[in-house]
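Please look through the sequence and the 3D view below before reading on.

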Amino acid sequence: MSEVFLNVPEIGRLYFKETLVEYDFPLIFICEDDYDSLYLFYETEEADEFMEWQTVKITRQTYQIFSPTRFHSSMYSDQSKCLLFFL
């Protein structure tokens, strides 16, 4: 494992795995814990003083759905092929 990225009291040590969406900094990203569990993080609020994140534990199957390696950037050039998901 690499260097600890976050230490969340309810979850434990988390290691950065992959960015799914970014704009100046990661907005949606995946972290992994010491037990190989995956967590999806997404920004819910941003202010000058802080950023608020929500997280949900996901399965490896769900991770494969979200993984950018499954998609090509040309998919996003046509709005009719937009990827939308709700958590």
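Which residues form one aromatic cluster? In this predicted model, the cluster is made up of F5, F16, F29, F41 and W53. A search of the whole structure finds 5 aromatic pairs. One of them joins F16 and F29, whose ring centres are 5.9 Å apart and whose planes stand at 35 degrees, an arrangement that counts as tilted. Because F16 belongs to strand β2 (residues 12-22) and F29 to strand β3 (residues 26-33), this pair ties together parts that are 13 residues apart in sequence.

As F41 sits in strand β4 (residues 38-46) and F29 in strand β3, the contact ties together parts that are 12 residues apart in sequence. Like F29, F41 is buried.

The strands themselves can now be placed. An open sheet is formed by 5 strands in the order β1-β2-β3-β4-β5, with antiparallel pairing. At its edges stand β1 (6-8) and β5 (51-58), each of which has a single partner strand, so one side of each is left without a neighbour in the sheet. Neighbouring strands are turned by 40 degrees against each other on average, direction ignored. Within this sheet, β3 and β4 pair in the antiparallel sense over 5 bridges, and the bridge partner of C31 in β4 is Y39.

Conventions
Residues are numbered from 1 along each chain as its sequence is written. This is a predicted model: local features need pLDDT of at least 70, side-chain atom pairs count only at pLDDT 80 or more; totals for chains, interfaces and linings use all residues. Side-chain values use heavy atoms; hydrogens and water are left out. Rings of Phe, Tyr and Trp (its six-membered ring) pair if their centres lie within 6.5 Å; planes under 30 degrees apart count as stacked, over 60 as edge-to-face and the rest as tilted. Helices (H or I, at least four residues) and strands (E, at least two) are DSSP runs, numbered from the N terminus. Buried means under 20% relative accessible area, exposed over 50%, partly exposed in between (1.4 Å probe, protein chains only). Two strands pair if DSSP finds at least two bridges between them. Axes are lines fitted to C-alpha atoms, for helices over the stretch in contact, and angles run from 0 to 180 degrees between N-to-C directions.
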